[in-house]
Amino acid sequence: MWRQFLLAVAGAALVMGTEVNVKDPGMLPEADEFAISPEEPPIPPLPGMLYPRESESREIKSLDGFWDFVVPPSNDVKKGHREGWYSDSLTKAEKVMQMPVPSSYNDITTSKALRDHVGPVWYEKTFFIPASWQYKRVFLRFGSVNYLAEVWLNGELLTNHELGHLPFEVELTEKALYGQQNRITVAVDNSLLANSVPQGNVYDVGADNGTVKVQYYTFDFFNYAGIHRPVLLHTKPRVFVDDLNVTTGLINDVGIIKYSVDIAGAGEKEVPVCEVNLLDANNQYLLTTPVVGTQGTFKVSSPNLWWPRTMSSNPGYMYTLEVTVHVPNSSEPDIYRLPVGIRTLRWTNTTFLINEKPIYFRGFGRHEDSAIRGRGLDLPTVARDYELLQWVGANAYRTSHYPYSDEVLDVADRLGFLIVDECPSVNTENYTPELLKRHKQSLSELIRRDKNRPSVVLWSIANEPRTQLADTGVYFKQVAQHTKTLDPSRPITIALARSVVEDKAGQYLDIISFNRYNSWYQNSGRTDMIIKNVVNEAQNWHNKYKKPVLMSEYGGDTMPGLHELPSYIWSEEYQTEIMSKHFEAFDQLRARGFFIGEFIWNFADFRTAETYTRVGGNKKGIFTRDRQPKSAAFHVRRRYHALSAELDSNPELPNDLENYVSSYYV
């Protein structure tokens, strides 16, 4: 639907005599450039990049706050690069404004031009590095910069990074000024092209005052841009823990934690010593002396397993793996502590089990989205969202349609939420070798970051790709194989949107997820057609692929405060009715033994690109954008808590699910 709309816009521009030029000739490759080899070259393994955690050996300094910010002229977006704005203070190039980090820049000001800007913008921050740090290794980490980042330190290019929702870091040790002022400059380009992840197109379009750049994309959320997550300076000793890989299991009543430690920085003739210990949730050591070696296995008798919320009275139990590395008589010890949850995952052609108990997902697709901040990390919003997720009785959510922040997933680990971790490939089409390479890279970076999280139980390798296209099979076979090579311990899925008959990707998946908007985009207003359509489609997916099935998106837009009796499309009553009919379908499917979950689209309203089909954004949330409930939220709450009482070890329902009516009405 969105592709048709955007093509219509471009076509209308041509009909009206407006010149529309493609930004990059490479965006429209010749037919033979689309050809994908059945075995494209593998992506090289990535170096370790553990999340910065303070310890006796590691220090962290935040660079969050106000940064100097400059936007190049809309008719000369490359001016900053051409004039070398990174070589000196931005204040000498243009008039600067103050931009908060982390945040998206789009909604901070009253400028429509800035909100809709396409191309680079420039950030700058000055800071001091303590003189004491000159004896350590110093790194600079960005949690997320959307979409393309170029980073300079004191005028010297440090690194660049593509893929806007994943972290990157670079070492500053040899280039930083210790005990002196340093200047970091970042150029952030939000342009999405045919081979970016996600994809888009940029056109030069004639406007009243000349030519302007316009970004088009088919996905239905606003392309927020900026430095979205924390910027951290952090130290490591000369020889340090570079990476940790943890897998867990359960044999009878013994918990298994297998680990391997990668060490960096040791000299050719140096032999580092690695010591590993395990602590419980009360920070009590479980071993009197640590185990020596970079690989090993802990066996924990009668362990506290990591359970999803509602499946245990003590969900989200986390141990801590403590790793100490040093070179005897040569280097300062490095100490790194990693939270670890003990749990097992297993799946068949009909079910998905955690700790040998079936999972039934009930949750939401979500977005990292809030007013003013856009996609920038906002801890009050994070706290409110988790409060509402618990209130409504959810046990899971998708990180639709991109990886969420470390800080958000840390809370999921501790609270026991099940996470479908999604890479940023949305509406994938026009398959090319270059796109495949970037798609694989996005999964490499995602799995490197989240591989040790107990909350992450399922990798989603794309959302609504065009799986009817001829190259779908060869493309997604390689994406799936790449993912399985990196992590065979978790199942993989795609949020599929094409019909069962058309689809060519499901054969490479472990779990079938499908998105369908009955009584919204199809059969609008006809809630009497939902149950049969949902049941039949889910059954057809299972019949074709013989795999577990879940519904990853369904719902309808709702204007808060709009009430109609009888229900009418866009009203709060209509949204509740859509939910209720789907619930009936899901219960029929649960009885058939292969249906494993339901995810509402969406948790909360969110911003989209401007179109006549969106009133202030997408309104499919059961909560408003400022996190207040619509009528459907109360209905969903009753559903999710009832499922918990039926399926899990939490038979007691909240005492405020219903308000008192009378002694007769129960």
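**View 1. A cluster of aromatic rings.** Ring pairs link Tyr217, Phe219, Phe221, Tyr386, Tyr397, Tyr402, Tyr404 and Phe417 into a cluster. Rings of Phe, Tyr and Trp (its six-membered ring) pair if their centres lie within 6.5 Å; planes under 30 degrees apart are stacked, over 60 edge-to-face, and the rest tilted. The count by this rule is 41 aromatic pairs. This is a predicted model, where local features need pLDDT of at least 70 and side-chain atom pairs count only at pLDDT 80 or more, while totals for chains, interfaces and linings use all residues. Residues are numbered from 1 along each chain as its sequence is written, and side-chain values use heavy atoms, leaving out hydrogens and water.

View 2. Trp347 is partly exposed, at 23% relative accessibility, whereas Phe352 is buried, at 0%. Buried means under 20% relative accessible area, exposed over 50%, and partly exposed in between (1.4 Å probe, protein chains only).

**View 3. Phe361 and Phe599, a tilted pair.** Here the ring centres are 5.7 Å apart and the planes make 35°, so the pair counts as tilted. Phe361 belongs to strand E26 and Phe599 to strand E33, so their pairing ties together parts 238 residues apart in sequence. Strands are DSSP runs (E, at least two residues), numbered from the N terminus.

**View 4. Arginines over rings.** The charged end of Arg366 sits over the ring of Phe603, 5.4 Å from its centre. For Arg590, the ring is that of Tyr360, with 5.6 Å to the centre. A charge sits over a ring if NZ of Lys or CZ of Arg is within 6 Å of the ring centre and within 35 degrees of the ring normal.

Key. Helices (H or I, at least four residues) and strands (E, at least two) are DSSP runs, numbered from the N terminus.
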